[in-house]
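Please look over the sequence and the structure before reading on.

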Amino acid sequence: MALASGVRFAARALLRPWALLRGTTLGRTEPAAGGGGDGARRFGSQRVLVEPDAASGVAVMKLRNPPVNALSLELLTELVISLEKLENDKTFRGVILTSDCPRVFCAGLDLTEICGRNPAHCAEYWKAMQELWLRTYLSSLVLVAAINGACPAGGCIIALSCDCRVLADNPKYRIGLNETLLGIIAPFWLKDTYVNTIGHRASEQALQLGSLFPPAEALQVGLVDQVVPEDQVQSTALSEMARWLAVPDHARQLTKNMMRKATADRLLRQRDADTQNFVSFVCRDSIQKSLQAYLEKLRQRKG
Ligand SMILES: CCCCCCCC/C=C/C=C/CC(=O)SCCNC(=O)CCNC(=O)[C@H](O)C(C)(C)COP(=O)(O)OP(=O)(O)OC[C@H]1O[C@@H](n2cnc3c(N)ncnc32)[C@H](O)[C@@H]1OP(=O)(O)O
């Protein structure tokens, strides 16, 4: 399913050379753990490890940006590039998205990318966040989120952009859009994704309260599709992938597009306005103060 040319153009314009080259090993492959035959060679970059299995047509894509997979500009860029590489390789039909960092799937936006940063940087950063959401939400691949850690805010939206979600049954691994707890709000396309997943009333309440759901509640509200013991998350994600890949790709992709295009188009139609809204909102003194205070609180927690 081709993204609108505008998005592809935006992706290429966005993927500035430096972001690709800074400490990455893009394009370099190395033998996957445990060897394996042809097509089992890992590739990716410094912050995204891709373990492809050509035989099954499934790749495991691991976020590797310690300590918490905060969505830095580089991680956003490398995720888009890795996903595009797999989408362009017709060997692959599905991707399992998971974390290489212990206890955390993804901590959401890297707050240091918007705290104390100038409007131009915030705009560039937000365009990268938009691009990753569009790329995952509209992907022609089957995307299964193997959620093996905490999954707040931006991490939750990446998981919700996948076709299904398997969450480890650990009460510390909470998932949800908690923006209001930081004094900010989720943009409309995060709200739309939430509503499309758990319904309007559940989203209205969870967004206002900034709810972070433990596994049992996340399952009950429909935020995740399965909750399994931590050591069964990856195997369950593989079984779920097999279920989805049993469906002919073209029919499934057309159906996914039918279900998601209107939501994605809403952002595509007003991408610049959304970026301007984001920048003017987060650059307000009051919002900057809230975000700084939140970051401080995070840093003091370990003290
Ligand atoms: C008109 C309106 C228009 C629209 C406007 C839109 C407005 C903006 C829209 C925003 C959408 C935002 C979505 C987001 O993603 S905001 C980010 C939300 N994320 C969180 O709240 C998660 C915060 N982190 C945690 O809860 C924990 O770190 C956790 C992920 C549970 C892991 O806990 P633990 O394992 O105990 O690790 P630590 O808390 O000790 O953290 C380790 C270090 O990492 C730093 N950290 C954590 N999270 C972030 C982050 N998101 N960004 C940057 N840095 C982060 C933390 O400070 C520690 O740092 P240090 O080692 O230096 O102390």
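What share of the contacts in the protein with a separation of 6 or more comes from residues 24 or more positions apart? Such residues account for 72% of those contacts, where a contact means heavy atoms within 4.5 Å.

The model is predicted, so local features are given only at pLDDT of at least 70 and side-chain atom pairs only at pLDDT 80 or more, while totals for chains, interfaces and linings use all residues. Residues are numbered from 1 along each chain as its sequence is written, and side-chain values use heavy atoms, with hydrogens and water left out.

**Overall composition**

The secondary structure comes to 12 helices and 10 strands. These elements are DSSP runs numbered from the N terminus, with helices (H or I) of at least four residues and strands (E) of at least two. The protein has 303 residues, of which 55% count as buried. Buried means under 20% relative accessible area, exposed means over 50%, and partly exposed lies in between, with a 1.4 Å probe and protein chains only.

From first C-alpha to last, H3 reaches 23 Å, close to the 22 Å expected at 1.5 Å a residue. The expected span is 1.5 Å times one less than the number of residues.

**Helix H4 and its two partners**

Two packed helices are described by the angle between their axes and the distance between the axes. Here the axes are lines fitted to C-alpha atoms over the stretch in contact, and angles run from 0 to 180 degrees between N-to-C directions.

Helix H4 (residues 119-137) packs with helix H6 (residues 188-198) at an angle of about 25°, with the axes 12 Å apart. H4 is therefore roughly parallel to H6. Angles under 35 degrees count as roughly parallel, over 145 as roughly antiparallel, 65 to 115 as roughly perpendicular, and the rest as oblique. The crossing of H4 with H6 is left-handed; this term applies if the near helix is turned anticlockwise from the far one by less than a right angle, and right-handed applies if clockwise. On the H4 side, Trp-126, Met-129, Gln-130, Trp-133 and Tyr-137 take part, and they meet Trp-189, Thr-193 and Asn-196 of H6. The residues of this contact comprise five nonpolar, three polar and no charged. In this scheme Ala, Val, Leu, Ile, Met, Phe, Trp, Tyr, Cys and Pro are nonpolar, Asp, Glu, Lys and Arg are charged, and the others, Gly among them, are polar.

With helix H11 (residues 271-282), the axis of H4 comes within 9 Å and crosses at roughly 130°. H4 and H11 are therefore oblique to each other, and the crossing is right-handed. Among the H4 residues in this contact are Trp-126 and Gln-130, and among those of H11 are Arg-271 and Phe-278. The contact of H4 with H11 divides into eight nonpolar, two polar and four charged residues.

**Individual residues**

The table lists the relative accessibility of selected residues.

| Residue | Relative accessibility | Class |
|---|---|---|
| Ser-72 | 6% | buried |
| Ala-146 | 0% | buried |
| Val-224 | 2% | buried |
| Ala-153 | 13% | buried |
| Arg-103 | 58% | exposed |

Ser-72 is found in the loop between strand S4 (58-63) and helix H3 (73-88). Beyond its neighbours within four places in sequence, Ser-72 is in contact with Arg-47, Asn-65, Asp-110, Glu-113 and Tyr-125.

Ala-146 belongs to strand S6 (residues 142-147). Leaving out residues up to four places away, its contacts include Ile-96, Phe-105, Val-166 and Ala-237.

Val-224 lies in the loop between helix H8 (215-221) and strand S10 (226-228). Val-224 and Ile-198 are 26 residues apart in sequence, and their C-alpha atoms are 9.4 Å apart in space.

**Backbone features**

Most residues other than glycine have a negative phi, and most peptide bonds are trans. Which residues does a cis peptide bond join? The bond lies between Pro-66 and Pro-67, with omega about 10°. Pro-67 is in the loop between S4 and H3.

Arg-103, in the loop between strand S5 (94-99) and H4, has a positive phi near 70°. Ala-153 also has a positive phi, of about 50°, and lies in the loop between strand S7 (151-152) and helix H5 (154-161).
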